[in-house]
Amino acid sequence: MAPTNLEIDPVFLEAIECLPDGISVFDADGRPMLHNVQSEKRFPHLYQAFKDGAKTYDEAMAYSVRMARPDFRDAEVEEQVARFRSYTESGQTYEVKTPEGRIVQITYRPMSDGRKVAISVDVTELRQREKELKKAQAEAVAASNAKSAFLANMSHEIRTPLNGILGMAQVLEMAELTPEQKEQVSTILDSGRNLMSLLNDV
C-alpha cells in the first residue's frame, strides 16, 4: 500500500493488499491518496510519474501514455489523456493493456469531497476464452456452410441422371407392356420419385 497520511486500520490495509484486483483512491485533483501493490504493478508509469513530481492526473497520465506509446505525437497524447479523464468523470468501464500484456478492466466511482476510487480487474483469461469461442463458432459456421455446399452439389449431381431415369421410365410406361413389365416400370417410377423427394428434402 502506498504511503498515506490517512489513519487506516492495518487489518483493512492488509485485506486490500490480498485482493486480486487493483484498488486506488485519488483526491479531488486526481492525485493518488492510497493504492495497493496490484495497482502499481499494473500501472507503473502512472505511479512513477507521481513519485517523480507530477502534480495532476493529466500530467501523470500524459507521462504514462508517452511511456506506453513513444510513437505518439503530442496531439495524440493529449487526445488519449482527455479520453482517460472522461472515463474517470463518467464512471464508464473501459479496458487497457498493461505493460505485462494483461487486459485490465477499469472503473472509477465517486467518493465524498471529490475523491474517486478506481478498481482494476484482470479480464485476460475471459477475453481469451471469448476469442477462442468466436473462433470455434466461426469454424462451426464454415463447416456447416461447407457441408451445405457439398450436399447441394451432390443433390444436383444425383438429380440430373435421376431425371433421365424417370423420364425414360415414363416413356416405357406408355409402351405396350406385359402386366409384369408394367409392374416393374411402376416400381422404377415409385422408387425414383421417392429418391427425388429425399433429394428435395436434403
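Mentor: We'll take the ring pairs, then the strands.

Trainee: What kind of model is it, and how are residues numbered?

Mentor: It is a predicted model: local features need pLDDT of at least 70, side-chain atom pairs count only at pLDDT 80 or more, and totals for chains, interfaces and linings use all residues. Residues are numbered from 1 along each chain as its sequence is written, and side-chain values use heavy atoms, with hydrogens and water left out.

Trainee: How many aromatic pairs does the structure hold?

Mentor: Five. Rings of Phe, Tyr and Trp (its six-membered ring) pair if their centres lie within 6.5 Å; planes under 30 degrees apart count as stacked, over 60 as edge-to-face and the rest as tilted.

Trainee: Why is the pair of Phe-26 and Tyr-57 called edge-to-face?

Mentor: The planes stand at 90°, with the ring centres 6.4 Å apart, so the pair is edge-to-face.

Trainee: Which parts does that pair tie together?

Mentor: Phe-26 is in strand E1 (residues 22-26) and Tyr-57 is in helix H4 (residues 57-68), so the pair ties together parts 31 residues apart in sequence. Helices (H or I, at least four residues) and strands (E, at least two) are DSSP runs, numbered from the N terminus.

Trainee: Is Phe-26 buried or exposed?

Mentor: Buried, at 3% relative accessibility. Tyr-57 is buried too, at 6%. Buried means under 20% relative accessible area, exposed over 50%, partly exposed in between (1.4 Å probe, protein chains only).

Trainee: Which residues do ring pairs link into a cluster?

Mentor: Phe-26, Tyr-57 and Tyr-108.

Trainee: What about Phe-84 and Tyr-94?

Mentor: They form a tilted pair, 5.6 Å centre to centre, with 45° between the planes. Phe-84 sits in helix H5 (residues 74-90) and Tyr-94 in strand E3 (residues 94-97), so this pair ties together parts ten residues apart in sequence. Phe-84 is buried at 9%, and Tyr-94 is buried at 7%.

Trainee: What lies over the face of Phe-84?

Mentor: Arg-83, at 4.8 Å from the ring centre. A charge sits over a ring if NZ of Lys or CZ of Arg is within 6 Å of the ring centre and within 35 degrees of the ring normal.

Trainee: Strands now. In which sense do E1 and E5 pair?

Mentor: Antiparallel, over five bridges, with E5 covering residues 116-122. Two strands pair if DSSP finds at least two bridges between them. Ser-24 stands opposite Ala-118 in E5.

Trainee: And how many bridges between E4 and E5?

Mentor: Seven, also antiparallel; E4 is residues 103-110. Pro-110 has Lys-116 as its bridge partner in E5.

Trainee: What's in the turn of that hairpin?

Mentor: Five residues lie between E4 and E5, and Asp-113 in the turn has a positive phi of about 60°.
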